[in-house]
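User: I have a structure open and would like to talk it through slowly. Could you help me with it?

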Amino acid sequence: MSDHYNAFEMSPVPAPGADAVAPELFRGIYGMPAFATIPTSDLAASVDFWTRGLGFFELFSIPGTLVHMRRWAFQDVLLVAAASVPAQTPAMSVSFACVLSQIDSLVAACRALNPNSADGPRDTPWNTRDVEVITPENARIVFTAAKPWGPASQEARNLEAVGITPPGVGSGDNQEHA
């Protein structure tokens with residue numbers, strides 16, 4: 001028996017599909033359940049890259065100290081002024097959901113700002129298409145888009161092997177979890 005159940009209604013991420021439409025940028029104020037804090041030695045350059053390259057917007061700022069960037073609901077990043085940034089990109093990454101139709105334009109926008117900033121896209125064994133971006137702050141950011149579900153695909157078999165099945169397959173009853 002699996003403890004997993006479909007809870008897509010909690011997320012701003014649309015159901016996977018080639019025609020999935022990205023939600024609007026979210027300008028509401030809420031208690032952030034999670035966020036990334038990224039030090040930058042050049043707030044203006046960082047805001048420019050995160051805006052024009054990654055599709056975020058400036059929610060608010062404390063001049064010279066912090067800029068709160070946001071994209072979809074629950075995709076929050078605090079760019080914080082620092083004397084320096086790491087010289088080497090860390091192995092750790094932060095991932096943000098996107099939709100398939102955003103992948104190519106995101107890669108193009110990042111490469112227009114810095115030709116070596118985007119790596120990919122590449123398909124994963126868990127049924128996503130990912131792009132890795134190294135930002136001006138040397139942060140490793142991954143944009144990940146769910147691919148359409150192929151019931152006979154290797155990705156479907158990979159997920160089923162760990163107890164994850166699409167809605168309508170298996171128990172299908174989420175009432176015990178609600």
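**Aromatic rings and overall build**

Analyst: Let me begin with F26, which counts as partly exposed because its relative accessibility is 35%; buried means under 20% relative accessible area, exposed over 50% and partly exposed in between, using a 1.4 Å probe and protein chains only. This is a predicted model, in which local features need pLDDT of at least 70 and side-chain atom pairs count only at pLDDT 80 or more, while totals for chains, interfaces and linings use all residues. Residues are numbered from 1 along each chain as its sequence is written, and side-chain values use heavy atoms, with hydrogens and water left out.

User: How many aromatic pairs does the structure hold?

Analyst: The structure holds five aromatic pairs. Among them are F26 and Y30, whose ring centres lie 5.7 Å apart with the planes at 40°, so this pair is tilted. Rings of Phe, Tyr and Trp (its six-membered ring) pair if their centres lie within 6.5 Å, and planes under 30 degrees apart count as stacked, over 60 as edge-to-face and the rest as tilted.

User: And what about W50 and F56, how do they pair?

Analyst: W50 and F56 form an edge-to-face pair, with 5.0 Å from centre to centre and 80° between the planes.

User: Are those two buried or exposed?

Analyst: Both W50 and F56 are buried, and together with F96 and F143 they make up one aromatic cluster.

User: New topic: which elements does the protein have, going from the N terminus?

Analyst: The order from the N terminus is β-α-β-β-β-β-α-β-β-β-α, which comprises three helices and eight strands. Helices (H or I, at least four residues) and strands (E, at least two) are DSSP runs, numbered from the N terminus.

User: How do β2 and β3 pair?

Analyst: Strand β2, residues 57-62, pairs with strand β3, residues 66-70, in the antiparallel sense over five bridges, where two strands pair if DSSP finds at least two bridges between them. F60 stands opposite H68 in β3, and in this hairpin, with three residues between the strands, G64 takes a positive phi near 75°.

User: And the whole protein, how much of it is buried?

Analyst: Of its 178 residues, 35% count as buried, and the C-alpha atoms fill a box of roughly 55 × 35 × 30 Å along the principal axes. Among contacts (heavy atoms within 4.5 Å) between residues at least 6 apart in sequence, 59% join residues at least 24 apart.
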